[in-house]
Amino acid sequence: MYKKKGQLPPGPTPWPILGNIFQRDVLPLYKYYEKLSVKYGPIFTVWNGSKPMVALCSYEVVKDALIDHSEEFGGRTEMPAHKRLFRNKGLTSTNDKKWKELRRFTLSTLRDFGMGKKRMSERVQEEALCLVEEMAATKGQPFDPRRIFSSAVSNVICAVVFGNRFDYKDRSFIENQKVMESQLRYSVSFLGLVYNTFPKLVEYFPGPHKDIFAEAEHVCEYIREKVELHKKTLDSQNPRDYIDCFLLRMEKEQNSSEGIYTPEDLVIIVFGLFMAGTITTSHALLCSLLAIAKLPHIQAKVQQEIDEVVGTNRTPSMEDRLKMPFTNAVVHEVQRYQKGTLETFPRATTCDVKFHGYTIPKYMPIVPVFASVHFDPLHWETPEKFNPNHFLDEQGQFRKKDAFMPFSAGKRACPGEALARMELFLFFSTLLQNFTFSLVGDTKDSDVMSLYNDFRKNQYPLIRAVKRTVDTCG
């Protein structure tokens, strides 16, 4: 450890064997990066046990690594929890050739099924109306919106992957969503960090990791059953969804010695799409409602814009987004404001790289701290404040910001970015067209940031959705 330490960027001194994981004010990085970067600079080293990781902070440093040096910082390191969960298959493969091929195939197939196109936006609009119907059933009573948000968002990716949507009360559908949420919660938790640091040791003891991996296998078994059903009804002339397209490619490549397209790769990709296409987008949607419920003046302004541009006789569409700069700015500000952690999803260097005065060795885990980008005072006027004006120019028109990276950037950027952007805008604007939202309970001492933090701990207040007096049903 100490030999390696002398060759890496500075950072908090690790304890032997344990590294920094039990030290105060180090991990998770989204909480403590400011203190650490003040002391050590925007590039510093933290230790998971005896394994170092290099953290990158500030927009300039993160952009330089992920965009200007995308090849050098475009590798992926294998974390023990992911290795156990995904078995180095699908889009988690550390084999660069296989990863590139499967990512290219997945992106082109999702595009073929309408991702980023009008066909997909119509599907999201239909699902948004189902969500409105479900929310109207609460009749203005306080409720926990997590499950229906998760179901609505999940149904969009399910329609592309499985070829059909599910009823919001479908038991298997709900159970699978719960598993996905617990997977993500565990992977970014302190216990997940401990597992990644001492996997062999932790395996000897009982604990949540046993349930986490068993539940994941249960979802994979569910996907395998769906794949088998697809095989029995496969029509090579008329592929219905992503699974069909993968099965057809698998047939075509069956004599290839490279083993890129295999049944287990399909299962793991579908598992990953289901997880990525559900959790982060539904969390962002929920956070957007917490924000506007807490800030009624912003909610009223969004509703005024929706009424002026869309009216009450139709559902908002992607074509409306250009004419709705304030609504678009609120959606973007929610994503900027959410602080996340990616220590458990690090990148890796693909070669020895000279970077900002340091030589970072090949295969070194790299953690771009996106909170440091989204709260960089050099690029945001009021970084600590929820402020949609960050995305508006002096004329009130929407403006893009380079220091906005909620989907990462460069070679490993999220492949579902176009779909997630579409879902967030359409779900959010359709809900605000139909309802006015308020928080239930005493929240006057809570700002938006503390509500987000409570949300991370599952302690946030219930929400009330009151049907707007304008007749939005036409």
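Predicted model: local features only at pLDDT ≥ 70, side-chain atom pairs only at ≥ 80, totals over all residues.

Student: At what angle do helix α8 and helix α13 pack?

Tutor: Two packed helices are described by the angle between their axes and the distance between the axes. Here α8 (residues 171-187) and α13 (residues 263-276) pack at about 85 degrees, and their axes are 10 Å apart. The two helices are therefore roughly perpendicular to each other (angles of 65 to 115 degrees count as such).

Student: Which residues make the contact between α8 and α13?

Tutor: On the α8 side they are Phe 173, Asn 176, Met 180 and Gln 183, and on the α13 side Phe 271, Phe 274 and Met 275, where contact means heavy atoms within 4.5 Å. By class, this contact has five nonpolar, two polar and no charged residues.

Student: How many residues of helix α9 are buried?

Tutor: Six of the eight residues of α9 (residues 190-197) are buried, so this helix is largely enclosed by the rest of the structure; buried means under 20% relative accessible area, with a 1.4 Å probe and protein chains only. The buried residues are Gly 192, Leu 193, Val 194, Tyr 195, Asn 196 and Thr 197, and they pack against β1, α4, α8, α10 and α11.

Student: How many cavities of 30 Å³ or more does a search of the whole structure find?

Tutor: Rolling a probe the size of a water molecule over the atoms shows where empty space is left. A cavity is a set of points, on a 1 Å grid over the protein atoms alone, where a 1.4 Å probe fits but cannot get out, and its lining residues have an atom within 4 Å of a point. The search finds two cavities of 30 Å³ or more. The largest cavity holds about 90 Å³ of space, and α4, α8 and α11 each supply at least two residues of its lining. Among the lining residues are His 82, Gln 183 and Met 275.

Student: What lines the second largest cavity?

Tutor: This cavity, with about 40 Å³ of space, is lined by Ala 284, Leu 285, Ser 288, Val 331, Val 334, Leu 424 and Phe 428. Helix α14 gives the most to this lining, with three residues.

Methods
Residues numbered from 1 in each chain as written. Heavy atoms only, no water. Axes fitted to C-alpha atoms, helices over the stretch in contact; angles between N-to-C directions. Helix = DSSP H or I, 4+ residues; strand = E, 2+ residues; numbered from the N terminus. Parallel < 35°, antiparallel > 145°, perpendicular 65-115°, else oblique. Nonpolar A, V, L, I, M, F, W, Y, C, P; charged D, E, K, R; others polar. Buried < 20%, exposed > 50% of the residue type's maximum accessible area, 1.4 Å probe, protein only. 1 Å grid on protein atoms, 1.4 Å probe; cavity = no way out; pocket = protein on both sides within 12 Å on 5 of 7 lines; lining within 4 Å. Points joined across faces, edges and corners; volume = space filled by probe spheres on them.
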